[in-house]
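Hi everyone, thanks for coming. Let me walk you through a structure that may be new to you, so please have a look at it with me.

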Amino acid sequence: MDLDRLNPQPGPSAPLVQVRGRLAVLPWLLFLGAAAIAIWLAWQTWKPVPIGDPLATSLVAFDKQDRLTVFSAELAPVVASDDSRLFGLVTSRQVAVIPARVDYAIDLGKVGRDRMRWDAVSQTLTVRLPALEVTRPNLDEARAQYLREGVWITRAAQDKLTRDNTKLAEHLAVEQAANPVLLGLARSAAKDAIRQNLAIPLQVAGFGDVKLSVLIDGEPAKP
């Protein structure tokens with residue numbers, strides 16, 4: 001009897017099966033690795049971007065806008081001046097209507113984080129602006145109208161009357177610019193301008209339709 005046939009010796013077939021099994025698993029491992037890398041890259045590309053700080057976004061919207069003119073008013077001060085010469089023997093009078101332009105502005109350079117408050121629950125951004133600044137009246141003397149009274153008005157008297165009326169018109173224009181009605185219109189225009197300046201940047205930054213509450217220093221308290 002052939003003992004080698006009854007007790008066969010292990011040949012190279014067993015290791016060969018193991019190698020083949022490993023080779024069969026290797027493509028799957030490579031596939032899973034490539035899929036994991038692809039998923040990671042896709043996440044890095046399209047992952048949701050965390051929304052930033054709404055206050056920082058708002059401050060960027062104010063950048064390079066140190067002074068914002070929000071309203072302009074056309075005024076027409078009516079003033080009068082008198083002149084007396086030769087010990088009161090020669091008198092003259094001049095009535096003038098001098099158009100004037102006054103601008104109302106907000107100094108955005110004074111608006112920092114301390115003037116802003118963000119309420120995440122109600123999605124409301126509150127901004128407190130500094131008080132309105134009223135520019136010096138710009139008198140349009142080219143369109144001024146004059147009415148002079150006097151038997152004899154010298155050149156010197158006429159020049160003095162015009163200078164006096166110019167000073168009076170500027171002073172009166174400043175008083176008229178402080179009218180509560182004009183200040184109310186200027187504040188409303190300022191609030192609208194700030195809302196427009198902030199709404200779009202906040203939407204682009206991903207905050208959606210944010211409620212904007214704008215306050216101005218010095219405005220009358222609401223009853």
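Let's begin at a turn: in the hairpin of strand 5 and strand 6, with four residues between the strands, Gln-123 has a positive phi near 55°. When I say strand or helix, I mean DSSP runs numbered from the N terminus, with at least two residues (E) for a strand and at least four (H or I) for a helix.

Before going on, a word on the source: this is a predicted model, where local features need pLDDT of at least 70 and side-chain atom pairs count only at pLDDT 80 or more, while totals for chains, interfaces and linings use all residues. Residues are numbered from 1 along each chain as its sequence is written, and side-chain values use heavy atoms, leaving out hydrogens and water.

Strand 5 (residues 116–119) and strand 6 (residues 124–129) run antiparallel, joined by four bridges; strands pair if DSSP finds at least two bridges between them. Arg-117, for instance, has Thr-126 in strand 6 as its bridge partner.

Now for another hairpin, that of strand 2 and strand 3. Here too there are four residues between the strands, and Leu-86 takes a positive phi near 55°. Eight bridges pair strand 2 with strand 3 in the antiparallel sense, and Ser-84 stands opposite Thr-91 in strand 3.

Which strands make up the open sheet, and in what order? There are three, ordered 2-3-9, with antiparallel pairing. Strand 2 (78–85) and strand 9 (145–149) are at the edges with a single partner strand each, so one side of each has no neighbour in the sheet. On average, neighbouring strands of this sheet are turned by 15° against each other, direction ignored. Strand 3 meets strand 9 over five antiparallel bridges, and Val-97 stands opposite Gln-145 in strand 9.

Across strand 2, strand 3 and strand 9 lies helix 4 (residues 155–177), running at about 145° to strand 2. Such angles run from 0 to 180 degrees between N-to-C directions, with axes fitted to C-alpha atoms, for helices over the stretch in contact; contact means heavy atoms within 4.5 Å.

Is Gln-94 buried or exposed? Gln-94 counts as buried because its relative accessibility is 0%, and buried means under 20% relative accessible area, with exposed over 50% and partly exposed in between (1.4 Å probe, protein chains only). Beyond four places away in sequence, Gln-94 touches residues including Ser-81, Tyr-146 and Leu-161.
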